[in-house]
Amino acid sequence: MALLETELADLATTIGRPVKLMEVCGTHTVNACRSGVHSFMPKAVDLISGPGCPVCVTAQRYIDALIELGRRNDTIIATYGDMLRVAGAGGSLEVARSEGADVRVVTSALEAVETAIKNPERDVVFAAVGFETTAPATASAIITAANEKLLNFSVLPAHKLVIPAMKALLSDPDIRIDGFLCPGHVSVITGGDVFGPIVKDYKKPCVIVGFGANQIMEGIVHLVRQIAVPEAQLENLYPEAALSRGNPIAQELIDRVFVPGMAAWRALGEMEESGLDIRPEFGKYDAVGRHGISFGEDREPPGCRCAEVITGRCKPLDCSLFAGVCTPIYPVGPCMVSSEGSCQAYFRYRRHELKSPMARVRVEV
Amino acid sequence: MCLALPAKIEDCLDEIAWVRLGDARMKVSLVMTPEAGVGDWVLVHAGFAIHQVTEDDARETWMIVTEHGLMEKPGATSPDQKAETA
């Protein structure tokens, strides 16, 4: 690590201007914070978090629709655990559950299908969030439901695609990013080649890395080396898992069930072809049509800066709610709810850097 | 986003396998890794094996996630926390 730190400092001096790098993946954010990677950064190198936490980028309107569905007596909501405490306009799924809604945590999309098989008299709606890594699992669940001819299973789709989000960030003149640490497990599915357009069209270095502190640090050094030349290349430092063309079976699953469509993101708004719509041939498994869901407006919690955190415009420590009003126990925004959210990562590992007295309040998480 | 953990396949029947993930034993789908069988190591994400890895790579990854970072104590989290997206 010391050698990498020295090289990084030398490269930063050579470049002679501030450099902003984004870790796109929430798991990278958590591990960078946890292992103290930020403390090895020279002053000129800024490592910012990106939109890589699925719960954090899920639009408020989706949370509200899910809670409304959960409050119907005939419905079971099956969800991954980190969606439970995200606040909607009228409480969270956890609050709805405490008031009698049947909300069940599942570890797999197939578990949601099993819940539907075991409860034939109830409608099971699976909250499908996640990026390319998670989408094939949802596709497989829908295919399984179709094979089983299930009539009481549907999916409320909110899958997101990483590349459109990266392009949106690069197209915003207020956010100047010099290079990306690319998500390793998205690459396992999509293949590393999907980042090619970011390198070719936007001339931004991209490095795919694994999840250890050393791997993250090495990725940062590789990015800064490129910036020092300057050049823009796609490098893969996680070749044992991320192949250049990814997992073709997973890609086929996605293509069979989904088609790229408009998606609403927290912070980034609506973007064409940035999400996955269920194909018409699987339409009866789409909860939007099946349950006549109409989405409302997205209203951010007052004072919450999650939207700016997700897009790298500010850091959790810059938010006036951080660690005082907003904590993992009483989260205001999704970035504090999710274990992959930047605010929770900063709360767990970096809140001592906050100058306010609230930073010294000890809260067990 | 999208954390995937290495697990060893202990039993399998068609596309469903039982894997050992630290102290836990769990059911996963092998639909995306059809060539994996008993004794093989796979990366597991949200109940699905997404990639087959060598034992050496699996052990190294496991060391990274347990010693350096991504899981406090495998199997020691609450049921709600265990079911995180991704």
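Student: How much area do domain 1 of chain A and domain 3 of chain A bury between them?

Tutor: In this predicted model, the two domains bury about 1,400 Å² between them, 57% of it on carbon and sulfur atoms. Buried area is the accessible area (1.4 Å probe) that two parts lose on being put together, summed over both. The domain bounds come from an automatic or database domain assignment.

Student: Which residues of domain 1 of chain A lose the most area to domain 3 of chain A?

Tutor: They are A:Val30, A:Cys33 and A:Cys53, together 32% of what that side buries.

Student: How many salt bridges does the rule find across that interface?

Tutor: The rule finds 2 salt bridges between domain 1 of chain A and domain 3 of chain A, a salt bridge being a side-chain nitrogen of Lys or Arg within 4 Å of a carboxyl oxygen of Asp or Glu.

Student: Changing topic, where is B:Ser29, and is B:Ser29 buried or exposed?

Tutor: B:Ser29 is found in strand 3 (residues 24-29) of chain B; strands are DSSP runs (E, at least two residues), numbered from the N terminus. At 4% relative accessibility, B:Ser29 counts as buried, meaning under 20% relative accessible area (1.4 Å probe, protein chains only).

Student: What is B:Ser29 in contact with, leaving aside neighbours within four places in sequence?

Tutor: Its contacts (heavy atoms within 4.5 Å) include A:Leu110, B:Glu15 and B:Phe48.

Student: Which conventions apply?

Tutor: Residues are numbered from 1 along each chain as its sequence is written, and chains are lettered from A in the order in which they are written. Local features need pLDDT of at least 70, side-chain atom pairs count only at pLDDT 80 or more, and totals for chains, interfaces and linings use all residues, while side-chain values use heavy atoms, with hydrogens and water left out.

Technical notes
Helix = DSSP H or I, 4+ residues; strand = E, 2+ residues; numbered from the N terminus. Buried < 20%, exposed > 50% of the residue type's maximum accessible area, 1.4 Å probe, protein only.
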